[in-house]
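Reader: Please show me the model. I would like to ask what stands behind the labels.

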Amino acid sequence: QVQLVESGGGLVQPGGSLRLSCAASGRIFSINTMGWYRQPPGKERAMVAAITSGGNRNYADSVKGRFTISRDNAKNTVYLQMNSLEPEDTAVYYCNARFVSTIYWGQGTRVTVSS
């Protein structure tokens, strides 16, 4: 089984920055796509950013230009650099790892943007 562990969440002021990390471990041969989703209070979980094994990136319109996703394939780790944070970014952030037929999720890390 594959395990994902997120870290780096916390409380920041509007305009601040955070860097989230997610490390995958367990029975891993290769991961096709890794990504970040978030679930704000009272809302559905939605995709924030994704990155393929080759480094191709995709972002939600709401974060494009502010967030950057990156990946270290040797460490099976995905990162999310979040800049210019807004209160609307407040959510629990989940990473995932997508294989051909299986998706694994982490437990989430909470990000709160507030003055």
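What follows is a short exchange on terms and values.

Author: This is a predicted model, where local features need pLDDT of at least 70, side-chain atom pairs count only at pLDDT 80 or more, and totals for chains, interfaces and linings use all residues. Residues are numbered from 1 along each chain as its sequence is written, and side-chain values use heavy atoms, with hydrogens and water left out.

Reader: What makes Cys22 and Cys95 a disulfide?

Author: The distance between sulfur atoms. A disulfide is a pair of cysteine sulfur atoms within 2.5 Å. The sulfur atoms of Cys22 and Cys95 are 1.8 Å apart, so the pair meets the rule. The count by this rule is one disulfide.

Reader: Which parts does the pair tie together?

Author: Cys22 is in strand S3 (residues 18-26) and Cys95 in strand S9 (residues 91-98), so parts 73 residues apart in sequence are tied together. Strands here are DSSP runs (E, at least two residues), numbered from the N terminus.

Reader: Why is Cys22 called buried?

Author: Buried means under 20% relative accessible area, exposed over 50%, partly exposed in between (1.4 Å probe, protein chains only). Cys22 has 0% relative accessibility, so Cys22 counts as buried. Cys95 also has a relative accessible area of 0%, and is therefore buried.

Reader: Is Thr77 buried or exposed?

Author: Buried. Its relative accessibility is 9%, so Thr77 falls on the buried side of the rule. Thr77 lies in strand S8 (residues 77-82).

Reader: Which residues does Thr77 touch?

Author: Contact means heavy atoms within 4.5 Å. Residues up to four places away in sequence are not counted, and Thr77 then touches Cys22, Ala23, Met34, Ser70, Arg71 and Asp72.

Reader: What does the side chain of Thr77 reach?

Author: The backbone oxygen of Lys75, at 3.0 Å. A polar contact is a pair of N or O atoms within 3.5 Å; within protein, one must be able to donate a hydrogen and the other to accept it, and residues adjacent in sequence count only if both atoms are side-chain atoms.

Reader: How do you know that S7 and S8 pair?

Author: Two strands pair if DSSP finds at least two bridges between them. Strand S7 (residues 67-72) and S8 have six bridges, in the antiparallel sense. Ile69 has Leu80 in S8 as its bridge partner. The two strands form a hairpin with four residues between them. Asn76 in the turn has a positive phi of about 50°.

Reader: What is the order of the strands in the open sheet?

Author: The order is S1-S3-S8-S7, four strands with antiparallel pairing. Strand S1 (2-7) and S7 are the edge strands, since each pairs on one side only. S1 and S3 run antiparallel and are joined by six bridges. Gln3 stands opposite Ser25 in S3.

Reader: What makes Arg38 and Asp89 a salt bridge?

Author: A salt bridge is a side-chain nitrogen of Lys or Arg within 4 Å of a carboxyl oxygen of Asp or Glu. The side chains of Arg38 and Asp89 meet at 2.9 Å, N to O, so the pair qualifies. Arg38 lies in strand S4 and Asp89 in the loop between S8 and S9, so parts 51 residues apart in sequence are tied together.

Reader: How many salt bridges does the whole structure hold?

Author: Two. Arg66 also forms one with Asp89, the closest N and O atoms being 2.8 Å apart. That pair links Arg66, in the loop between strand S6 (57-59) and S7, with Asp89, 23 residues apart. Arg38, Arg66 and Asp89 are therefore linked in a network of salt bridges.

Reader: Why is Arg38 called buried?

Author: Its relative accessible area is 10%, so Arg38 is buried. Arg66 is buried because its relative accessible area is 12%. Asp89 is buried because its value is 1%.
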